[in-house]
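Student: I have a structure open and would like to learn how to read it. Could you walk me through its features, one at a time?

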Amino acid sequence: MPPTYATCFGPLPFTWHEAERTGISRDTLRLLVAGGKVRRLLRGVFVESWVPDALELRAAAIGKVVPAGTVVCGRTAAWLWGVDALAMSRSGDLPPVDVMGLPGTSRSRRSDTFGSTGPLLPEDVVEPAGVLVTTPARTAADLSRLLARPDALAALDVLVGLPAMSGELVNEVLDRFAGYRGVIQARELVQLADPRAESPQESRTRLRCVDAGFPCPEPQIEVFDETDDLIARLDMGWRELLKALEFDGDEGHSSSEQQTHDLARRKRVERRGWDVAVVTSEHVLSRSLAFERGVEELLGMQMRLTRNHPRFGGWDPRSRWAEA
């Protein structure tokens, strides 16, 4: 185990207040985070950077801030199950800890949590590593209703890929929410969810194609050479058309070495008959139609914008979770 070089907490998560009690000021802690020696797990909860991520670590972090008698839900439950917390926040900051009161209790009003109320059955709750949390199916049902469309699909893609999870289980939970806000959106997104997506931006790119009226691209298409050796795994594409989209914008794509590697890889793919278009975060999140025009040219078919397209406000950047 590496020596603790930043705090006296070792592998354990700690809060602002616990750090201050050991003589580490908030300014010092901010410098440790900025310098990469400490990483932020939740709002106000930290761990030394050498500590590996694990469900137990995330559960311990949640236990630092969750009020007694509440169930971790929503975005925080999704984070516990492995979803990138920042993928559910357009502000670039970690969302507050989402908790739901048990039946017969009121919502939490603590400043470091977002408390909500709602129907909660015993089968909706499990207790991994000592924390009460909504099941993956209940978590997916909640987020698919209450997050903005692209963020909801990004979370669903991860959640439906968990062991013993499926879209059918999410729909079973949604059956209990008939008439609630966001159910129509949720059922549509569950049908589009695909655990093969490897990043939130890939999920958003796939959804943007659908909302523009194009066929839904297939994630992670493998391309082989003449001797059946794998030469590339494309982010998404239309296998029967030999057309693909590659998302260029995640961390690691910006170095010159990576760009050279990506270019050589794409040339090998193109020699196998594929047409590959490169898209970025700016293309995918913009309200302009530059993305759609590029896909039109790639596929040779016309866009047919749906009411959910960002041009019509369908990708509202505000999460509806806080309004539920």
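**Reading the model step by step**

Tutor: Let us start with confidence. The protein chain averages a pLDDT of 88, and 90% of its residues score at least 70; pLDDT is the predictor's confidence in each residue, from 0 to 100. This is a predicted model, where local features need pLDDT of at least 70 and side-chain atom pairs count only at pLDDT 80 or more, while totals for chains, interfaces and linings use all residues. Residues are numbered from 1 along each chain as its sequence is written, and side-chain values use heavy atoms, with hydrogens and water left out.

Student: What is the strand order in the open sheet of 3 strands?

Tutor: In general, strands of a sheet pair through backbone hydrogen bonds, either parallel or antiparallel. This open sheet has the order 1-3-2, with antiparallel pairing; two strands pair if DSSP finds at least two bridges between them. Strand 1 (14-15) and strand 2 (38-42) are at the edges with a single partner strand each, so one side of each has no neighbour in the sheet. Strand 1 is joined to strand 3 (residues 45-48) by 2 bridges, and F14 stands opposite F46 in strand 3.

Student: Which strands does helix 2 lie across?

Tutor: Helix 2 (residues 26-34) lies across strand 1, strand 2 and strand 3, at about 100 degrees to strand 2. Such angles, from 0 to 180 degrees, are taken between N-to-C directions, with axes fitted to C-alpha atoms, for helices over the stretch in contact. Helix 3 (residues 55-63) also packs on the sheet, touching strand 2 and strand 3, where contact means heavy atoms within 4.5 Å.

Student: Which residues of helix 3 are buried?

Tutor: They are L57, R58, A59, A61 and I62; buried means under 20% relative accessible area, exposed over 50%, partly exposed in between (1.4 Å probe, protein chains only). These residues pack against strand 2, strand 3, strand 4 (70-72) and helix 4 (74-80).

Student: How many residues does the largest nonpolar core have?

Tutor: In soluble globular proteins, nonpolar side chains tend to be buried together. The largest core here has 67 residues, and L42, I62, M165 and L245 have the most contacts inside it. A nonpolar core is a set of buried Ala, Val, Leu, Ile, Met, Phe, Trp, Tyr and Cys residues joined through side-chain atoms within 4.5 Å. Residues touched by I62 include L42, V72 and W79.

Student: How many disulfides are found?

Tutor: A disulfide is a covalent bond between the sulfur atoms of two cysteines. A search of the whole structure finds 0, with a cut-off of 2.5 Å between the cysteine sulfur atoms. For C209, the nearest cysteine sulfur, that of C216, is 7.7 Å away.

Student: Where is A129, and what is its phi?

Tutor: Most residues other than glycine have a negative phi. A129, in the loop between strand 7 (125-126) and strand 8 (133-134), has a positive phi near 55 degrees.

Definitions and conventions: Helices (H or I, at least four residues) and strands (E, at least two) are DSSP runs, numbered from the N terminus. Lists of a residue's contacts leave out its neighbours within four places in sequence.
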